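Subject: Structure handover

Hi,

Here is the structure for you to look through. My notes on what was found in it follow below.

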Amino acid sequence: GGSLELGGSWSNAGVAPPYHDYRIAYRLRSKDGRVAASGAGSSVKGWLPGDHQTADSLALPADLVPGTYDLDVTIWAATQDEPFVKLAIEGIEPDGWYPLSEVTIVQ
């Protein structure tokens, strides 16, 4: 029932800002691949080329079992029904998410 605070350092390495309300999205996956929590955070709309800092929060369900989870990230459209935006990093999964880290949830 708590939240996971997520700080990020991002870089728009392109030549123009995004003109749409794309959002950084996060999810926690259990080791068997089940999505335990997911949600959208900061918008990247208007980010000029260069570095950007984010501070987001992912709500955790009250019945989340303590354990180690994979934290994934992607960028999706605010409507969440449009395709994911590809990041200029390696490691994309077939579903468009990027593994970022492991997170241990304790009671």
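Predicted model: local features only at pLDDT ≥ 70, side-chain atom pairs only at ≥ 80, totals over all residues.

Side chains along β1 alternate between two faces. Leu4, Leu6, Gly8, Trp10 and Asn12 point to one face and are buried. Buried here means under 20% relative accessible area, exposed means over 50%, and partly exposed is in between (1.4 Å probe, protein chains only). Strands are DSSP runs of E, at least two residues, and helices are runs of H or I, at least four; both are numbered from the N terminus.

A word on the basis. Residues are numbered from 1 along each chain as its sequence is written, and side-chain values use heavy atoms, with hydrogens and water left out.

Strand pairing

Two strands pair if DSSP finds at least two bridges between them.
- β1 pairs with β4 (residues 50-59), antiparallel, over ten bridges. Leu4 has Leu58 as its bridge partner in β4.
- β2 and β5 run antiparallel and are joined by eight bridges. Tyr22 stands opposite Ala77 in β5.
- β5 and β6 also run antiparallel, with seven bridges. Val73 has Tyr98 as its bridge partner in β6.

Core

A nonpolar core is a set of buried Ala, Val, Leu, Ile, Met, Phe, Trp, Tyr and Cys residues joined through side-chain atoms within 4.5 Å. The largest one has 21 residues. Ile24 and Leu28 touch the most other members. At least two residues each come from β1 (3-12), β2 (22-29), β3 (35-43), β5 (67-77) and β6 (98-105). β5 gives the largest share, four residues. β5 is also mostly covered, with nine of its eleven residues buried.

What does Leu28 contact, beyond its neighbours within four places in sequence? Contact means heavy atoms within 4.5 Å. The partners are Leu4, Arg34, Val35, Ala36, Ala37, Leu58, Leu60, Tyr69, Asp70, Leu71, Val103 and Ile105.

Salt bridges

The cut-off is a side-chain nitrogen of Lys or Arg within 4 Å of a carboxyl oxygen of Asp or Glu. A search of the whole structure finds seven. Three of them deserve a look.

Asp21 and Arg23 meet at 3.3 Å, N to O. Asp21 is partly exposed, at 29% relative accessible area. Arg23 is partly exposed too, at 27%.

Arg27 and Asp72 meet at 2.8 Å, N to O. Arg27 lies in β2 and Asp72 in β5, so this pair ties together parts 45 residues apart in sequence. Arg27 is buried at 8% relative accessibility. Asp72 is buried at 0%.

Asp70 and Arg29 form another, with the closest N and O atoms 3.8 Å apart. This pair links distant parts of the chain, Asp70 in β5 and Arg29 in β2, 41 residues apart. Asp70 is buried at 17%. Arg29 is buried at 17%.

Shared partners join Arg27, Arg29, Lys31, Asp70, Asp72, Asp95 and Glu102 into one salt-bridge network.

Best wishes
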